[in-house]
Structure formats: C-alpha cells, structure tokens
Amino acid sequence: MVKFYESSFSYDYPFPAVSLAYFLRYPNPYAKHVLSTDVIGRHFDKDSQRLYTTRLHLKQSKLPPTVLKLLPKGILGSSSDSGQSYILEKSIVDVKKGWMTTETRNLEWTGILSVVEKQSYFRPARENVSAGNGSSHEPQNETTEVKTSTTFISRFGQGGHRAARRKTGAVSTNNDPAVEAPDEIQPKRGFLSSWSTSSLQRTIEAIGMRRTREALLKSKDGMNVVLGRMRSGGLVEVLEGMRKDREAIYVSEGPWKRRWNQGRGVEDDG
C-alpha cells in the first residue's frame, strides 16, 4: 500500500537565509524531540557550485499508541521501548541558481511504515517577486517557496507471503515438465486475511500521514523562529538561541538529563 501527501508554502525570507536556517534549525522550541544531529558526509562541487550534505538525526520518538494497538504483541521486541529513532537526511544546495532539494527517511520501523519526505526550496519567479509595491531587489520583498512531497509505504504483513512464495518456488517436480505442481502448494490467503492486512496497512499509512501534517506545521514554525533570530541578531543570536534550546531540552527533568550532566562532568543526583 502507498499513500502520498503534498503541500506548498513560502517563507518571507530570501533563499540564502532560508537555506542557512535549514542547517541550523535544530534544536528549536518546536523540535525538542531532536536529540542530536551529525554530519556524516559533505562535498562541495566547484564546477556546479552545489553543496552535497548527508546528516543523521537522532530523535526522541516512538510509534504512536494507535499503531502499537494494531500490531501483534512482541513483533517489535525492545525497539518500541527505546524511545529513539534515526532519520537520514540528504540535501543538495545550488548556490549559483538558488535552489535546494532535501530528502529525509526513517531508518527505524521501516517494515511497518516507511516515510520518505522530499522538499524543494527555490526563489519564486522574478515577475511574482516584483508584483508587490517595491523592487524585486529589495530584500524585504524576497520570499522562498517550498514544495513538499511525502510518500508513505506500509509493508506490514508482506514478509510472510514473500517467504511462502519462495518456499513454493523451491518445491521439486522431479524435473518432469509433464508434472505440474498441485494447486495445494500455492500460498493461499483467505479473503478475511487479505482484507485485514490491506486494511491494517491503510490504517498505519493514514496515521503516518496525519502525524506528518502536524510535523510539517511545527517544522515551519521552528524554521520561522530561527529565521526571526537571524533577522534580529544575525548568526550570533541564532547560535545563542540554539544553546538555550539545547539546555532547555537536556537540563529539564526527563530521560536525557543524565546524558547532559555526564557531558558537563556533573554527577547525577538520581
């Protein structure tokens, strides 16, 4: 089963500011669940003037309780209780032409739901920019358009059927082309079983889509916080805001306080 979700919006900031804010967006008050971000690959192509970056985000995240209720007990093992999930992010920034593309995908629970989000950031057409009262060269009139496309794929329940097909294909017919495999060896799926699996997949995808819509709104709000800091105080205020947000996340009571204290060389009171 596959579902798609598309949306578009714009930031009231020029593309250079938006593309920089994208790489400085974590942490922010709307993304307190993001625990860390690591750059695992970066390359700048001088000929094309494009920056290629691969990052890994560690987030405090669990499967929604509504999804867990739909799954058989024990299917996730201890992974559902870890409270952590990894997100792989790839991005390309074209400095010369002024556009950026990003792709993020979950690395956990992909057998239940795989979510791939693709975004395009770009300057609007010049005629659209200059349609206002001022000149298209005035920074206050510059905006950045964003288009988002998200794909949801649930493969839950398909692993057993693939294994059954592989097992069926391995059945010998004594190399006699006249002897056909009996119908009984074909994997059978009752109507109720087939309907239950597809219905479960659709439900999981629908829940994922609803959470994605909510996450996109928070993501935009978080970006606007970073962009606002950048406008009022430049990079210094952005970095100071990141420091305060990080401290608010790790110092507050919760499972991550111990990690913060260990990093600062402070003994945990608990």
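**Close-up 1. Ala-248 in helix H5.** Ala-248 is partly exposed, with a relative accessible area of 41% (buried means under 20%, exposed over 50% and partly exposed in between, with a 1.4 Å probe and protein chains only). This residue lies in helix H5; helices (H or I, at least four residues) and strands (E, at least two) are DSSP runs, numbered from the N terminus. Ala-248 and Asn-28 are 220 residues apart in sequence, yet their C-alpha atoms are 9.9 Å apart in space. A word on what you are looking at: this is a predicted model, in which local features need pLDDT of at least 70 and side-chain atom pairs count only at pLDDT 80 or more, while totals for chains, interfaces and linings use all residues. Residues are numbered from 1 along each chain as its sequence is written, and side-chain values use heavy atoms, with hydrogens and water left out.

**Close-up 2. An aromatic cluster of Tyr-22, Phe-23 and Tyr-121.** Ring pairs link these three residues, Tyr-22, Phe-23 and Tyr-121, into a cluster. Rings of Phe, Tyr and Trp (its six-membered ring) pair if their centres lie within 6.5 Å; planes under 30 degrees apart count as stacked, over 60 as edge-to-face and the rest as tilted. The whole structure holds three aromatic pairs. In one of them, the ring centres of Tyr-22 and Phe-23 are 5.5 Å apart and the planes stand at 90°, so this pair is edge-to-face. Tyr-22 also forms an edge-to-face pair with Tyr-121, at 5.7 Å centre to centre and 65° between the planes. Tyr-22 and Tyr-121 are both buried.

**Close-up 3. Arginines over the rings of Tyr-22 and Phe-23.** Here a charge sits over a ring if NZ of Lys or CZ of Arg is within 6 Å of the ring centre and within 35 degrees of the ring normal. Arg-25 lies over the face of Tyr-22, at 3.9 Å from the ring centre. Over the face of Phe-23 you will find Arg-42, at 5.6 Å from the ring centre.

**Close-up 4. Salt bridges of Glu-103.** A salt bridge is a side-chain nitrogen of Lys or Arg within 4 Å of a carboxyl oxygen of Asp or Glu, and the count comes to eight. Glu-103 forms one with Arg-105, the closest N and O atoms being 3.0 Å apart. Glu-103 also meets Lys-118 in a salt bridge, at 4.0 Å from N to O. Lys-118 lies in strand E6 and Glu-103 in strand E5 (residues 99–106), so this pair ties together parts that are 15 residues apart in sequence. Relative accessible areas are 23% for Glu-103, 30% for Arg-105 and 45% for Lys-118.

Close-up 5. Arg-243 forms a salt bridge with Glu-240, with the closest N and O atoms 2.7 Å apart. Both lie in helix H5, three residues apart, about one turn of the helix. Arg-243 is partly exposed at 40% relative accessibility, and Glu-240 is partly exposed at 33%.
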